[in-house]
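I opened a new page for this one and started with the overall fold.

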Amino acid sequence: MDGHFAGYASLFGVPDLGRDVVAAGAFAETLRARGPAGVRMLWQHDPAEPIGRWIALAEDARGLRVEGRLNLAVQRAREIDALMREGAVDGLSIGFRTVRSAPDRAGYRHLRALDLWEISLVTFPLQPGARIAGSDAGPLVAEIRSLARQLAPPRRAPSLQARSHPRPAIRLRPALRA
């Protein structure tokens with residue numbers, strides 16, 4: 001991985017663990033005003049831990065799609081890159097100010113307009129589906145591996161009968177009598 005990744009920082013219409021539900025279009029104004037350069041990439045929402053930059057932020061039918069690059073000149077970003085490659089870190093979380101919201105009778109807060117300040121890579125996202133999807137090479141690598149398995153001869157476990165020389169039989173000693 002070269003520090004590049006993509007995923008969803010927020011999903012529309014899906015309640016998070018804090019009972020917030022982001023509406024489609026909630027990020028539209030802030031994305032127009034700030035653009036990717038105006039939204040910080042942090043580690044665990046810590047303003048003292050910037051770790052890279054956002055290349056693209058856009059709303060689609062599913063949610064807030066993000067594309068970012070870790071700054072591998074930063075020690076913490078190198079550590080996170082290694083953790084992401086191992087699958088130990090894959091959460092995304094948004095830091096925002098609520099501009100417009102409305103509660104419903106079930107106790108959910110529907111977020112209709114948000115001022116997005118930062119998006120963090122996190123261990124445990126408040127919205128469980130807000131995750132890194134992996135690099136663009138992921139599907140290509142999986143396809144190459146699948147083709148290689150199809151072309152490779154089948155692997156067989158060695159059997160005792162297929163050996164060129166038989167193993168000697170194991171003889172057990174009679175139990176010693178006391």
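**Fold first**

I counted three helices and eight strands in the protein chain, taking helices (H or I, at least four residues) and strands (E, at least two) as DSSP runs numbered from the N terminus. Along the sequence the pattern reads β-β-α-β-β-β-α-β-β-β-α. This is a predicted model, where local features need pLDDT of at least 70, side-chain atom pairs count only at pLDDT 80 or more, and totals for chains, interfaces and linings use all residues. Residues are numbered from 1 along each chain as its sequence is written, and side-chain values use heavy atoms, with hydrogens and water left out.

**Helix α2**

I checked the length of α2 (residues 75-86): at 1.5 Å a residue its twelve residues should span 16 Å, and the end C-alpha atoms are 17 Å apart, which agrees. The expected span is 1.5 Å times one less than the number of residues. I found A77, I80, D81 and M84 buried in α2 (under 20% relative accessible area, 1.4 Å probe, protein chains only). The buried residues of α2 fall within an arc of 105 degrees seen down its axis, so they line one face of the helix; the arc is taken from the directions from the axis to the C-beta atoms. Just after α2, I noted a positive phi of about 80 degrees at G87.

I looked up W54 and its contacts (heavy atoms within 4.5 Å). Leaving out residues up to four places away in sequence, W54 touches F5, P36, V39, R40, M41, V66, E67, G68, L92 and I119.

Key: Buried < 20%, exposed > 50% of the residue type's maximum accessible area, 1.4 Å probe, protein only.
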